[in-house]
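Please keep the sequence and the three-dimensional view at hand while reading.

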Amino acid sequence: MTKKDSLPKIGLLYLDYVLRFFDKSNFKGWPDKIEQVTYHWGNDKARFIAEVKRKNIDVLIGNIPATAYEAFREIAKALPNVRFLPSLDSQFSNKSKENVTHFCRKYNLPTPHTEIFYIPEKAKQYLANTQYPKIIKRSYGPSNYGGYFVHKVDSYEEAASLLSQKRYYPAYVQDFVPMEADIRVMLIGHKPVCAFWRRPPEGEWLTNTSQGGSMDYQDVPKGVLELAARASKAANAEYWACDIALGKDGKLRILECATAFAAFPYIRDWIGQYLMWLLSDGRFAKPNIPLYNWEELGKIDTRLLRTMRHIGFSRYKPSQDCGEQFSRLDEYNYPILDTTYRPDEEWPSEMWNFQDNFKLHGIVVPAKAQSLIPSNDEVSTELNSYQDVQFDEAQIREILSQVKGVGSKMVEEIMATFGAIGVVEALNTKPEQLCVVKNLKDKKLEKIVNHWQQVAKPCH
Ligand SMILES: Nc1ncnc2c1ncn2[C@@H]1O[C@H](COP(=O)(O)OP(=O)(O)O)[C@@H](O)[C@H]1O
Ligand SMILES: [Mg+2]
């Protein structure tokens, strides 16, 4: 803020092909014009920077997809007077699972024991001498594939064969944690505003709801909310989501955390209201969001919930005729807090971008598009799943036909069976569905999925 009483100029940060998390309507009542700046994939840094300067933007609000994170680190450096919100440091965990691990280690936040290898030989040595089962995950890339890139291995042989097939780099290896369920907590100003359980289907271990897991909003343990708030504070994140595993051993461990998550529009309104308060020196009121509101709101049909906007609560004032206190609504431990602006870099890429700094072999594919799941607030509960992309038929046809071994006949059959939206959805959630198409077997499917991931990479 430059002058007293004047508000900073807000710009919303958008990216081509990526579904927008915020919209002007989330900032209801903001009196000034809200600008928009859209990043076009490829070599767009200079143009983007110039546009932000030309529009005199003070604060750029929005999430940055994993594949654009490093490009935006550079952009942010070239715009030292622009506040990115969430800051690039708060978004460090959005980039990769590896970064989540670094973040949790630094702040002593419990996670499953994790090893990360940039040297394949070292991974082999470790895997030959460790105990099983283990979980192997792809660390980097569009993340909302609902567990498709998460694998349980029961022996060295399985681990070695998986890594030679998938070529995940780095190799990200985690202890398998038998768990009851995991819990998603969403926070604004470090206060939990929504939380729900995700339970695996009977006899399974994956809790992703896209894999048949179930959700419910009742009785989330306090310790889980506390751990999520600790992580949010450590990240200095204005808004935040955490997936916390509740182990069969009773222990809590963070599985994922990020500023990017799918959220109902009314939650995005709350975030907007919070940011307006934060950026206006108190000229706008801080939203009042009762703890455990989700237990009640969660009872509303999701088809309604995803259309409900600007849900507001006033403060509770005890009245004479009411003898009972609703003791669970204990706000004391969870006030909505200020998040302070920190101009210094906590996670500079010169140091922390191991992926590029360490690269053994790198393919840089000019991006046509950023590929991800069509987000759907009630089903797409994976972190980062706001990064939605819409493709038209022609684009999907082109992408498919670029895959070696996929001829025009197969493209036609895939399109006839699934349609453009169906293909994107299948690729993002259950790619094996595509195998209903004649002659489309594992090998080809893998090529298609790999290609799909590559078109998601922007140039650096
Ligand atoms: N170390 C682990 N032990 C047991 N299950 C795990 C472990 N890590 C992940 N899972 C299961 O796999 C799911 C997906 O893993 P996650 O790290 O969230 O990746 P993503 O959601 O990006 O696919 C989790 O929700 C959880 O059910
Ligand atoms: Mg997950």
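Helices, in the H or I classes and with at least four residues, and strands, in the E class and with at least two, are taken from DSSP runs and numbered from the N terminus. In that numbering, Tyr69 belongs to helix α2 (residues 69–78). The model is a predicted one.

**Tyr69**
- Tyr69 has 20 C-beta neighbours inside 10 Å and therefore counts as buried.
- Neighbours within four places in sequence aside, the contacts of Tyr69 are Ile64, Gln91, Asn94 and Lys95.
- A distance of 8.1 Å separates the C-alpha atoms of Tyr69 and Phe92, which are 23 residues apart along the chain.

**Nonpolar cores**
- The largest nonpolar core comprises 87 residues, and Val185, Ala228 and Ile244 have the most contacts inside it.
- Helix α8 (residues 265–279) gives the most to this core, contributing 8 residues.
- A second, separate core has 14 residues, including Ile414, Leu427, Trp452 and Val455.

**Strand β12 and its partners**
- In strand β12 (residues 239–247), 8 of the 9 residues are buried, so the strand is largely enclosed by the rest of the structure.
- β12 pairs with β9 in the antiparallel sense over 9 bridges, and Met186 stands opposite Ala241 of β12.
- β12 also pairs with β13 in the antiparallel sense, over 6 bridges; here Leu246 has Leu252 in β13 as its bridge partner.
- The hairpin of β12 and β13 has 4 residues between the strands, and Gly250 in this hairpin takes a positive phi near 85 degrees.

**Helix α13**
- Ile396, Ile399 and Leu400 are the buried residues of helix α13 (residues 393–401).
- Viewed down the axis of α13, these buried residues fall within an arc of 95 degrees, so they line one face of the helix.
- Ala394 and Ser401, on the other side of α13, are exposed.

Key. Residues numbered from 1 in each chain as written. Chains lettered and ligands numbered in written order. Predicted model: local features only at pLDDT ≥ 70, side-chain atom pairs only at ≥ 80, totals over all residues. Core = buried A, V, L, I, M, F, W, Y, C linked by C-beta atoms within 7 Å. Buried ≥ 20, exposed ≤ 12 C-beta atoms within 10 Å, placed from the backbone. Arc of directions from axis to C-beta. Contact = placed C-beta atoms within 7 Å. Pairing = 2+ DSSP bridges.
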